[in-house]
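Welcome, and please take a moment to look over the model below.

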Amino acid sequence: MEWSRLYPGFLDESTGKMTKDVTIADVGCGFGGLLIDLSPAFPDNLILGMEIRVQVTHYVEDRIIALRQKHIETNGYQNINVLRGNAMKFLPNFFQKSQLEKMFFCFPDPHFKQRKHKARIITNTLLSEYAYVLKEGGIIYTITDVKDLHDWMVKHLDEHPLFERLDEEFEKNDECVKIMYNSTEEGKKVERNKGDKFLKCFRRLPDPK
Ligand code: SAM
């Protein structure tokens, strides 16, 4: 993976190596609102959106190019970018074991029908992959307006031996929760429609001895 293509501001020209690795992933990033709000909050982290739709990915790429241009004097928005791909298939191709500190699953597709549940982005098998790429203490953030999907995500994360649920105290104090709650395009739509938002966070536990 040629990361310098996505984050040229973090390439050390003298060694040809990246000065940072990606540590935050927004899975199914849609139109990129979360990436854009996380960027100034985490200037020292590389943040990657993963999105399966080609046109949407192009839109996010253009958005980031425009922001970088606008903030050229301060080197703003150099730490975010987007990658087109199926995160359910290819996530471990992009990240090493324990590389990530945070993973976001914001308003994932609900796949309402029972026979479609296996297409959901949180499943037992996929959680093991997420646990692989997340470091110990890393956080999974989930938010949705669909109660049934929320219950599904919480159930699977609760049942997985490598994750523990975080309490409301964490949610109240965590900066990312605040950002995630209102920054994504889907979240804004739910806000406009006065819908509910259900969120839960989980910490990656240490591997068992
Ligand atoms: N997170 C964004 C938000 O809150 O505005 C987008 C939410 S939208 C309902 C779900 C997004 O996930 C869509 O843009 C969809 O294309 C993307 N998606 C669905 N399955 C995916 C997959 N397997 N890999 C990457 N992206 C995926």
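## A buried or exposed tyrosine?

Is tyrosine 77 buried or exposed? With a relative accessible area of 16%, tyrosine 77 is buried (buried means under 20% relative accessible area, exposed over 50%, partly exposed in between, with a 1.4 Å probe and protein chains only). You will find tyrosine 77 in the loop between helix H3 (54-70) and strand S5 (80-84), where helices (H or I, at least four residues) and strands (E, at least two) are DSSP runs numbered from the N terminus.

This is a predicted model, in which local features need pLDDT of at least 70 and side-chain atom pairs count only at pLDDT 80 or more, while totals for chains, interfaces and linings use all residues. Residues are numbered from 1 along each chain as its sequence is written, and side-chain values use heavy atoms, leaving out hydrogens and water.

## Two positive phi angles

Most residues other than glycine have a negative phi. Tyrosine 77 has a positive phi, near 65 degrees. Phenylalanine 107, also not a glycine, has a positive phi of about 45 degrees. Phenylalanine 107 belongs to the loop between strand S6 (100-106) and helix H5 (124-133), and is buried at a relative accessible area of 9%.

## The chain as a whole

The chain has nine helices and nine strands. Its radius of gyration is 17 Å, close to the 17 Å that the globule rule gives for 209 residues, so the chain is as compact as a globular protein of that length (the radius is taken over C-alpha atoms, and the rule is 2.2 Å times the number of residues to the power 0.38). Of the 209 residues, 49% count as buried.

Contacts tell a further story: among those between residues at least 6 apart in sequence, 76% join residues at least 24 apart (contact means heavy atoms within 4.5 Å).

## Tyrosine 141

Tyrosine 141 sits in strand S7 (residues 134-144) and counts as buried, at 0% relative accessibility. Leaving aside neighbours within four places in sequence, tyrosine 141 contacts several residues, including Phe104, Phe170, Cys176 and Met180.

## Helices H2 and H8

The axes of helix H2 (residues 33-41) and helix H8 (residues 175-183) come within 9 Å and cross at roughly 145 degrees (axes are lines fitted to C-alpha atoms, for helices over the stretch in contact, with angles from 0 to 180 degrees between N-to-C directions). H2 contributes Gly33, Leu34, Asp37, Leu38 and Ala41 to the contact, and H8 contributes Glu175, Cys176, Ile179, Met180 and Ser183.
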